[in-house]
Amino acid sequence: MDHLLYRFQPSAVWFSLKLTLYNFPEHTLCYPAAMEDTPNIAKRREREKRTISQMIALHCAGTHDEQARTETAFCGETICPECKAIDDYAVLRTERCRKMDVKTSCDECENHCYRPEERERIRAVMRYSGPRMLKVHPVAAIRHLLGK
């Protein structure tokens, strides 16, 4: 019945859209919040967010100046503002992932959450961090590779 209200009252739709535009970043408009997770899925989601954040922090530590690292990543390590933007975006995408219960990796998922330019940035991060993760965070790297 609610959909009829929006169909016949355009001002209500505009007001709702206006609230959405002012209260949320632009990239959250297309993706609804994730449904309630089971305890196992919630644990996996948190682990995925921590792993991607560790990869971004490793990339930042290896490619950016130490003086530039003034922000804190989701995993707790220091990163530069540019990498902080990538980290925030990646954590948000992982929070909003609808396929967390069935997917093994974002690359194999049929529903790509990342914008094309962000996908290229995260691929560059993973290309750099992937091999190095085995030395720095071996358990997280193996779990990420196995998709568990």
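The model examined here is predicted. In it, the side chains of Lys-84 and Asp-88 meet in a salt bridge, with 3.2 Å from N to O. Asp-88 has 41% relative accessibility and so counts as partly exposed.

The structure holds 8 salt bridges. Side chains of opposite charge can pair when their charged atoms come close. Arg-121 and Glu-118 are joined by a salt bridge of 3.3 Å, N to O. They are 3 residues apart in helix α5, so about one helical turn separates them. Their accessibilities place them in separate classes. Glu-118, at 9% relative accessibility, counts as buried. Arg-121, at 30%, counts as partly exposed. Arg-123 forms a salt bridge with Glu-120, and the closest N and O atoms are 3.1 Å apart. Again the spacing is 3 residues in helix α5, and therefore about one helical turn. Arg-123 counts as partly exposed at 33% relative accessibility. Glu-120 also counts as partly exposed, at 44%. Salt bridges with shared partners link Arg-115, Glu-117, Glu-118 and Arg-121 into one network.

Helix α5 (residues 116-136) also packs against helix α3 (residues 39-63). Two packed helices are described by the angle between their axes and the distance between the axes. For α3 and α5 the angle is about 95°, and the axes lie 8 Å apart. The angle makes α3 roughly perpendicular to α5, because values of 65 to 115 degrees fall in that class. On the α3 side, the contact includes Thr-51, Ile-52, Gln-54, Met-55 and His-59. On the α5 side, the residues include Ile-122, Val-125, Tyr-128, Arg-132 and Val-136.

The loop between α5 and α6 holds His-137. His-137 has 19% relative accessibility and counts as buried, because the cut-off is under 20%. Leaving aside residues up to four places away in sequence, His-137 touches Gln-54 and Glu-77. Gln-54 is also one of the α3 residues in the contact with α5.

A nonpolar surface patch of about 420 Å² is formed by Leu-134, Ile-142, Leu-145 and Leu-146. Leu-145 lies in helix α6. At 67% relative accessibility, Leu-145 counts as exposed, because exposed means over 50%.

Conventions. Residues numbered from 1 in each chain as written. Predicted model: local features only at pLDDT ≥ 70, side-chain atom pairs only at ≥ 80, totals over all residues. Heavy atoms only, no water. Patch = residues over 30% accessible without salt bridge, like charges linked within 9 Å, V, L, I, M, F, W, Y side chains within 5 Å. Areas by Shrake-Rupley, 256 points an atom, 1.4 Å probe, with all protein chains shown as cover. Salt bridge = Lys/Arg side-chain N within 4 Å of Asp/Glu carboxyl O. Helix = DSSP H or I, 4+ residues; strand = E, 2+ residues; numbered from the N terminus. Buried < 20%, exposed > 50% of the residue type's maximum accessible area, 1.4 Å probe, protein only. Axes fitted to C-alpha atoms, helices over the stretch in contact; angles between N-to-C directions. Parallel < 35°, antiparallel > 145°, perpendicular 65-115°, else oblique. Contact = heavy atoms within 4.5 Å.
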